[in-house]
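Subject: Structure handover and findings

Hello,

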Amino acid sequence: MAKSMQHDKLGCFVQLVQCPLQDIFDAGLACKYKRLMEKPCSKGLNKLHEKCEENNLFILLLSINCAHCGRFKKTVRIRARFHSPWRTSDEIMGADAVTLGRRRGLSAPLLLAMVAAIAICSPSPFTPVDASVSYDRKALIIDGRRRILISGSIHYPRSTPEMWPDLIKKAKDGGLDVIQTYVFWNGHEPSPGQYYFGGNYDLVRFVKLVNQAGLYVHLRIGPYVCAEWNFGGFPIWLKYVPGISFRTNNGPFKVAMERFTAKIVSILKSERLFGSQGGPIILSQIENEYGPMEDYYGGSVAKSYATWAAQMAVGLNTGVPWVMCKQDDAPDPVGANVICDSIIEVSSQINTCNGFYCDDFSPNKPYKPSIWTEAWTGWFTAFGGPVPHRPVEDLAFAVARFIQKGGSFVNYYMYHGGTNFGRTAGGPFISTSYDYDAPIDEYGLLRQPKWGHLRDLHKAIKMTEPALVSADPTISKLGDHEQAHVYRTKSGACAAFLSNDNPRSAARISFNGLKYDLPAWSISILPDCKTDVFNTARVVAPTIQYRMASVGKFSWKSFSEPTNSLDDESFAKNGLVEQLSQTWDKSDYLWYTTIVDISPNEQFLSNGRNPYLAVMSAGHAMHVFINGERVGIVYGGLDSPKLTYTGNVKLWAGRNKISILSVAVGLPNVGNHFETWNAGVLGPVTLEGLNEGKRDLGSQTWTYQIGLRGEHLNLHTLNGGSSVEWDGASTRMPLTWHKAYFNAPTGNDPLALDMSAMGKGQIWINGQSIGRYWPAYKAYGSCGGCDYRGTYDEKKCQTNCGDSSQKWYHVPRSWLNPTGNLLVVFEEMGADRSGISMVRRTAQ
């Protein structure tokens, strides 16, 4: 027992009484100290009597732990991380515990044992406190205080380090307490064991900036993130680890996942950034939205993996709670140590909710708080899809409804969406903009009135906090669609939420002798149960409209990508190969080339009925060339990435070259068994209409080239651009590189490139990738009016139908020099480069 007590205070109790702590909360003993002898606890004691052989020893355990509840602030906060708001008297350790023992008829030896256990298990009655994060059924508890917390997602790689301080300040000014971010595995470990934490992947710098602003951090380590991020955040090399199977009870995957998770925790611990060290990180997350995947992976196998992930995370000893979102069966890996309605040891996983609405969500155990990890402020945009918008009236209604029903932590996903720079967009077909209709737009500007209306909501919620964290609601029906949720404390504090969920009609209701007008689909907040300080449907924040004003065009030179020749790094293989297995996602592009010999005796040469070529691909786009001339371009979409090219092609007698440029447009970020996903031309590839009938081209020899010649020559960089001759003549040829030099526009307004005149391709500024552009892919879907009233989904309020899904592409000012900036555009489809312009984003 002594050895156990040295490293685990609660462990010594377990050994002393030989009664699993799981039995304690199973028996319903999560009770307040002052109610210890009341019926709920007595009933629980009776149940536990059957489970514990030594009932007296169990009573001893209960006494000691409830004593610790009362002595929380001075005795066990460092190790036990326990909070009880009901009693803090130092005397409770001695007299009350002994009194309870005597009431239960404990013998003198047992009472002496209790005192000894208290003395041994508590390092000192006056241990100083470093930091504390725990929780109970009501809320997270930070430094001994229950908190209603408002959080917002800002993903550090989706903006620049120069933008971070202003984004964080605007989040704080908007009433946020917490900044939430994922950790992006493929950005931090691009090769096995080779880590990167520079530039916009400087996680430590980001967390420290949040801390300096006086905000907390919720760190979602994952390391699977989804997030419309390339490959869901997984590094591509993980796909090719022998014997791997993603996100299941698989040895190779668990080794890699644990190594990376431990690496992140170690780095942050070394900087003392966890709450237990005095830092800002108050919550961590392991895995992500795994619950819906369990059926795909098989129930018992999936649950074993989830339990392992939970145990692994808790074993890293961050000293802060862990969450598992959309995981209704989030496990308690070592048994939740619950006494007096609170968590003594941070050893369980809190299951949380993601969605447009979470007011019907309940955690899977009665001692866990209700946490909304993703309150979706809008939705992502895909190339070929409309741009979604979520009315702030509905968003505020959803948040207020969650809070009125006992929710205590809300995170806006996203609060600032930002930009999928480079090739980080997932999907496939996710756009470069990740604006998400967030309160702070892609460029770092306030989206009004969304930002201001939510700020006002947060002020109102904070006014109700004392009542919310100290009482349970009394719910009164005021009409067919109207209700009152009233929180009233013993000290007299009172807060009320008056709701009208009718999506069509306003209502006038009576409450506490007063009349209140409630618009349709709205909630009014009364911090004193009298004064209506905020209604979710009454927007008073100002509206700001932005315009994109041109600041100039460019003088261009161009270089055409070879389409009928291969470089020295090309290689031949029999049959077709999967694209990612060759590129390892270092490029979007893979050339497939084969030779077709045509006999002079082929009938089509004389009758003019050209052969019919069919090429099937797993995705995502492809350009088809016959003897150097492009004969077609085809592409899939977000919902159907697979595609087929079909068409009659002109061949001549003798040797013909068929070249297919297969193009990836981001790797999938959601689904099961990532290791099985593929891209590229997998066949069949057939040529029909020959004398022999149909010829299978897929089984013959193909020559492959990874990437483009321009990529190999680094034409997007200042140095690489000098390796070829650039032509000043205008061209609309496909697969063409364009470059121009420009000076930075004056002022501080955010900048973007207007690419609406172009087709599809990629953009670089001074060697840094802005991302993919695709204005030629017009949005298809349903666009029309937008009414905030009634249940929202991502298809309800859409714009841009029939227009480009995205035509403006963010250019961070920090990437620019005062003069001599290099802009490089690779255009796949062929378009008029003279239509490209630089624009600035300004308020109208």
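To start with a question: are Y182 and Y413 buried or exposed? Y182 is buried, and Y413 is buried as well. Here, buried stands for under 20% relative accessible area, exposed for over 50%, and partly exposed for what lies in between, with a 1.4 Å probe and protein chains only.

Before the rest, two remarks on how to read this. The model is predicted, so local features need pLDDT of at least 70 and side-chain atom pairs count only at pLDDT 80 or more, while totals for chains, interfaces and linings use all residues. Residues are numbered from 1 along each chain as its sequence is written, and side-chain values use heavy atoms, with hydrogens and water left out.

Aromatic pairs

The structure holds 58 aromatic pairs. Rings of Phe, Tyr and Trp (for Trp, its six-membered ring) pair if their centres lie within 6.5 Å; planes under 30 degrees apart count as stacked, over 60 as edge-to-face, and the rest as tilted. One of the pairs is formed by Y182 and Y413: the ring centres are 6.5 Å apart and the planes stand at 70 degrees, so this pair is edge-to-face. Y182 belongs to strand β5 (residues 178-182) and Y413 to strand β14 (residues 409-416), so that the pair links distant parts of the chain, 231 residues apart. Helices (H or I, at least four residues) and strands (E, at least two) are DSSP runs, numbered from the N terminus.

Y224 and F674 also form an edge-to-face pair, with 5.5 Å from centre to centre and 80 degrees between the planes. Y224 lies in the loop between β6 (216-222) and α12 (251-270), and F674 in the loop between β30 (654-663) and β31 (681-690), so this pair ties together parts that are 450 residues apart in sequence. Both Y224 and F674 are buried.

Charges over rings

A charge sits over a ring if NZ of Lys or CZ of Arg is within 6 Å of the ring centre and within 35 degrees of the ring normal. The charged end of R158 is placed this way over the ring of Y434, 3.6 Å from its centre. For K263, the ring is that of Y195, and the charged end sits 4.7 Å from the ring centre.

Disulfides

How many disulfides does a search of the whole structure find? The search finds four, where a disulfide is a pair of cysteine sulfur atoms within 2.5 Å. Among them are the following.

- C353 and C358: the sulfur atoms are 2.0 Å apart. The link has -80 degrees about the S-S bond and is left-handed. C353 is buried at 11% relative accessible area, and C358 is buried at 2%.
- C783 and C801: the distance from S to S is 1.9 Å. The torsion about the S-S bond is about 75 degrees, so this disulfide is right-handed. C783 is in the loop between β37 (768-773) and β38 (798-799), and C801 is in the loop between β38 and β39 (808-811), 18 residues apart. C783 is partly exposed, with a relative accessible area of 31%, and C801 is partly exposed at 28%.
- C786 and C797: the distance from S to S is 1.9 Å. The link is right-handed, with 80 degrees about the S-S bond. C786 and C797 are each in the loop between β37 and β38, 11 residues apart. C786 is partly exposed at 44% relative accessible area, whereas C797 is buried at 3%.

Which cysteine sulfur is nearest to that of C226, a residue in no disulfide? It is the sulfur of C325, 9.3 Å away. C226 counts as buried at 8% relative accessibility. C325 is in no disulfide either, and at 1% relative accessibility C325 counts as buried.

A three-stranded sheet

Three strands form an open sheet in the order β1-β2-β3, with antiparallel pairing. Two strands pair if DSSP finds at least two bridges between them. The edge strands are β1 (133-135) and β3 (145-147), each of which pairs on one side only. Neighbouring strands of this sheet are turned by 40 degrees against each other on average, direction ignored; axes are lines fitted to C-alpha atoms, for helices over the stretch in contact, and angles run from 0 to 180 degrees between N-to-C directions. β1 is joined to β2 (residues 140-142) by three bridges, and the two run antiparallel. V133 has I142 in β2 as its bridge partner.

Regards
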